[in-house]
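Have a look at the model first.

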Amino acid sequence: RMNTKIFTSVIVLAVVLAAPAFGGGKCKYDTQTCLDKMIEHYESKGYAGVELDTDEETGGLTIKFVVTDPTAAAAGFRIGDQLVAINGLVLAETDEEKLYKAWQAMTPGTKATYTIVRDGKKKDVEVTLAKLPDELIAKYIGMHMLDHATIATAQK
């Protein structure tokens, strides 16, 4: 079964995945360098303007929020759409490594095709990916830092 974090990253491109600076979940540089590397990491990721939720019964992904920016609005995403594929990669059938590689190629300005199911019918939605908004970058870096603080606190 696929890793929900990787699916969400591919679609939303706004999850807490470790930046290349981290080894074993902890940054090996000073705090400012780690923050700079995380920002650089997130700024290079494309954003489709949707947030997803995992259906606990099916393991599928459902669009739970569509931002009101030109990217998502122009693409025609709707709340409740079920995501089944990205750029032809069927999520339920593609291994994590291939999904990760596909996600790496999804940078701001590139086009991506999302295959969704709406009202029982498949539909391809094409979107030109935007830059991840600064407020989301800050949110995910903050979440990452809180995770580390929580882990460190729990280990004491």
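## A negative patch

D30, D36, E40 and E43 together form a negative surface patch. Patch members have over 30% relative accessible area and no salt bridge, and like charges are joined within 9 Å. A salt bridge here is a side-chain nitrogen of Lys or Arg within 4 Å of a carboxyl oxygen of Asp or Glu; Asp and Glu count as negative, with the charge placed at CG of Asp or CD of Glu.

One of the patch residues, E40, sits in helix α2, residues 31-43. E40 counts as exposed because its relative accessibility is 58% (exposed is over 50%, buried under 20%, using a 1.4 Å probe and protein chains only).

## Model notes

This is a predicted model, where local features need pLDDT of at least 70, side-chain atom pairs count only at pLDDT 80 or more, and totals for chains, interfaces and linings use all residues. Residues are numbered from 1 along each chain as its sequence is written, and side-chain values use heavy atoms, with hydrogens and water left out.

## A buried threonine

T62 belongs to strand β5, residues 61-66. T62 counts as buried because its relative accessible area is 17%. Ignoring neighbours within four places in sequence, T62 touches E51, L52 and D53, plus G80, D81 and Q82 (contact means heavy atoms within 4.5 Å).

## The whole chain

There are 5 helices and 10 strands, taken as DSSP runs (H or I, at least four residues; E, at least two). Of the 156 residues, 38% are buried. Among contacts with a separation of 6 or more, 57% come from residues 24 or more positions apart.

Terms used:
Patches are made of residues with over 30% relative accessible area and no salt bridge: like charges are joined within 9 Å, nonpolar side chains (Val, Leu, Ile, Met, Phe, Trp, Tyr) within 5 Å. Accessible areas come from the Shrake-Rupley method with a 1.4 Å probe; for residues, only the protein chains shown count as cover.
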